[in-house]
Amino acid sequence: MMNSSGAAVQARGLTVRRGDRTVLRGLDFAVPPGRITGLLGPSGCGKSTLMRSVVGTQAQVTGTLDVLGHPAGHATLRSRVGYVTQAPSVYTDLTVRQNLDYFAAVLDPGRARRDAREESVARALADVDLGSHADALAGRLSGGQLNRVSLAVALLGSPELLVLDEPTVGLDPVLRRDLWELFHRIAGRRAATILVSSHVMDEAERCHRLLLMRDGEILADDTPDALRRRTDSENVEQAFLHLVDEANALQESAR
């Protein structure tokens, strides 16, 4: 179920304050269903705060934020939204399979559901291409493999929306490429909506749609092609810089 606009995520006037600081400033945006939407911008611009708002874990949120037809954080969204934080959310002293078995049991407790949980674990392992590492200790995996385990945990229960907070940070270009290929395969196999954040502008080219952020505001909500055309730029990084310069000029003229 989506909201009346057909968007997987819809925000109107979304504002987050932390003490006397406004972190998100009246954001209006929509995330289309079944696509990969990139949330891009420099570190400290509010990306993680926005993602925590979407999954319902952020305090001091005002405005309207609907996720899959319900207010963000609604109890019915618990199994419908998967969330991967920047730090791997797994137990390093357990094997990959044991981690998934544990989180599957947390999501869907009860002995009668054991077969369904095992099927969910097997599917998640296959989706992240970790079947051959299922019995390896998570603490002995590489950084890229550990990120895949966190992603597999988020895939348990077949969520309709995946929220990925800088999943490629600190990885080398080959691992980043492999993870993005994986995101596209997951979106295709599961028909899931993916909201993924990054501060690396070349990753924008891998998204179907983009939300470009700066200083707690949305600079643009459009496709990569449309942004390049609109700013007469060769790539999204140039388009972003053009929009920053444009916003700065407007601020200067308003003073």
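Helix α1 is largely enclosed by the rest of the structure, because eight of its nine residues are buried. Buried here means under 20% relative accessible area, with exposed set at over 50% and partly exposed in between (1.4 Å probe, protein chains only). The buried positions of α1 are Lys 47, Ser 48, Thr 49, Leu 50, Met 51, Ser 53, Val 54 and Val 55. Helices (H or I, at least four residues) and strands (E, at least two) are DSSP runs, numbered from the N terminus. The model is predicted: local features need pLDDT of at least 70, side-chain atom pairs count only at pLDDT 80 or more, and totals for chains, interfaces and linings use all residues. Residues are numbered from 1 along each chain as its sequence is written, and side-chain values use heavy atoms, with hydrogens and water left out.

Thr 49 lies in α1. Its relative accessibility is 5%, so Thr 49 counts as buried. Its side chain makes a polar contact of 3.3 Å with the side chain of Arg 52. A polar contact is a pair of N or O atoms within 3.5 Å; within protein, one must be able to donate a hydrogen and the other to accept it, and residues adjacent in sequence count only if both atoms are side-chain atoms. Leaving aside residues up to four places away in sequence, Thr 49 touches Val 16, Arg 18, Val 23, Leu 24 and Gln 58. Contact means heavy atoms within 4.5 Å. Just after α1, Gly 56 has a positive phi of about 85 degrees.

Four strands form an open antiparallel sheet in the order β2-β1-β4-β5. Its edge strands, β2 and β5 (70-71), each pair on one side only. Two strands pair if DSSP finds at least two bridges between them. Strand β1 (residues 9-18) runs antiparallel to β2 (residues 21-31), and seven bridges join them. Within this pair, Arg 17 has Thr 22 of β2 as its bridge partner. The two strands form a hairpin with two residues between them, and Gly 19 in the turn has a positive phi of about 65 degrees. Six bridges link β1 to the antiparallel strand β4 (residues 61-67). Here Val 9 stands opposite Val 67. β4 and β5 are joined by two bridges, again antiparallel. Asp 66 stands opposite Pro 71 of β5.

The largest pocket holds about 580 Å³ of space. Of its 24 lining residues, Arg 78, Val 81, Gly 82, Tyr 83 and Leu 107 are the closest to its centre. On a 1 Å grid over the protein atoms alone, a pocket is an open set of points where a 1.4 Å probe fits, with protein on both sides within 12 Å along at least five of seven lines; lining residues have an atom within 4 Å of a point. At least two lining residues each come from α1 (47-55), β6 (81-84), α2 (96-107) and α4 (143-155). The largest share, four residues, belongs to β6. By class, the lining has 14 nonpolar, nine polar and one charged residues.

The second largest pocket has a volume of about 270 Å³. Its lining has 16 residues, of which Asp 108, Ser 120, Leu 156, Gly 157 and Ser 158 are the closest to its centre. Two or more lining residues come from each of α2 and α3 (114-127). α3 gives the most, with five.

Definitions and conventions: Points joined across faces, edges and corners; volume = space filled by probe spheres on them. Nonpolar A, V, L, I, M, F, W, Y, C, P; charged D, E, K, R; others polar.
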